[in-house]
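Please look through the sequence and the model below before reading on.

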Amino acid sequence: MRDDNDQQSTQDRRFMRHALALGWRQQGLTSPNPAVGAMIVRHTVAGHMIVGRGATQAGGRPHGEPIAITMAGEAARGATLYVTLEPCSHHGRAGPCADAIIAAGIGRVVSSIEDPDPRVAGQGHARLRAAGITVDVGTLSTEALRAHRGHILRVTKNRPALTLKLARTQDGFVSGVAGERLLITGEAANNQVHLMRMHADAIAVGLGTVLADDPLLTVRLPGLSTRSPIRVVFDSQLRLPLTANLIATATEIPTWIITTHAAPADRETTLMRAGVEIIRVAACEDGRVSLHEALQALAQRGIARVFAEGGPKLAEALAATDLIDDLVILTGATSLHTGDNANAIGIRAVGPVLNNALANPEMFRTVESGHWSADKFEIFERVF
């Protein structure tokens, strides 16, 4: 005999996946608001009809729910709304989404997770229930927690979610003799990295990466150049060269340097004239930028998702301060110690602190692995 509850749960998961996909497309665009996806579906004996869909727009407004409601029009009355995060109940630049849902006559709301933002925190769901709307919470909650991790950490821990990306040779090195740069991964893997950049609010590196590679840190995929996020450099003494690519393009793409209170004031003036924003935070005992304070400063500016592409030193510092939420390790198809480099001494991509963290199942778990062409990828997630 068919279990109607099981059938409904299957349908709910199906449409929530659609809503999550809609929200994911907007990741990196909606700061300081979360990228929420919404679907409005009419369930009938004859089948299911999607009558509205929406996702939070660039800059954070409008939210996904009112967009879906506008698309649905009168068809929203009595329909089911699938939304990846609890609808807001507070007044911001627009009215509460909960009020819009009630006014539209939605009959049922399926919400993945409650919003931990103190301005919402269950009040949106409560308002809907008080209006006689059926509210079910928890469908694909694990996926939604992952999708909204940046927002959740920003409103509960006052820091953004941080994804660290490292690339290494087959034998584990990030650079060779004297630190010379290696071309480790191929086009397929590099394109995937650009997609990861696109879904972040900011790309972060240490000064060492800039000095070694002089990167642009932009999204360079056809048709997606406008999706380049804010670029952030951790530079304790403002030593970033004025000839760096980041400086040359600072007036085109927002570029922030996070430095210490001890950094020279004259360098700050010079860099600001070049179009760079300077953010000062406390220093660690060794004089380096406090990564805790740096991430808090980014959160206060609305940054919810950081994609860190620094080298082993930054990776070890982030691991030591327990600030890595996701880790992407790319392993190239070639080794450093071959041919003329058979006896070379290189710098390992994964240092001892990070290696120990990865080996601890209570700290990290593997969520995905495979190959992008000849290059292997492994994605690890912090255990919360």
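In strand E13, the residues Asp-326, Val-328 and Leu-330 point one way while Leu-327, Ile-329 and Thr-331 point the other way, and all of them are buried. This is a predicted model, and the points below take up this strand, then a glutamate in a helix, and then the cysteines.

**Strand E13 and its partners**

- Strand E13 covers residues 326–331, and because 6 of its 6 residues are buried, the strand is largely enclosed by the rest of the structure.
- With strand E6, which spans residues 161–168, E13 pairs in the parallel sense over 6 bridges, and Leu-166 stands opposite Ile-329 of E13.
- Strand E16, made up of residues 375–382, runs antiparallel to E13 and is joined to it by 6 bridges, with Lys-376 in E16 as the bridge partner of Thr-331.

**Glu-268 and its surroundings**

- Glu-268 lies in helix H10, which takes in residues 265–273, and its C-alpha atom is separated by 9.4 Å from that of Ile-257, a residue 11 residues apart from it along the chain.
- When residues up to four places away in sequence are not counted, Glu-268 touches Leu-238, Ile-278 and Arg-280.

**Cysteines**

- Cys-88 counts as buried because its relative accessibility is 5%, whereas Cys-284, with a relative accessible area of 35%, is partly exposed.

Methods. Residues numbered from 1 in each chain as written. Predicted model: local features only at pLDDT ≥ 70, side-chain atom pairs only at ≥ 80, totals over all residues. Heavy atoms only, no water. Helix = DSSP H or I, 4+ residues; strand = E, 2+ residues; numbered from the N terminus. Contact = heavy atoms within 4.5 Å. Buried < 20%, exposed > 50% of the residue type's maximum accessible area, 1.4 Å probe, protein only. Pairing = 2+ DSSP bridges.
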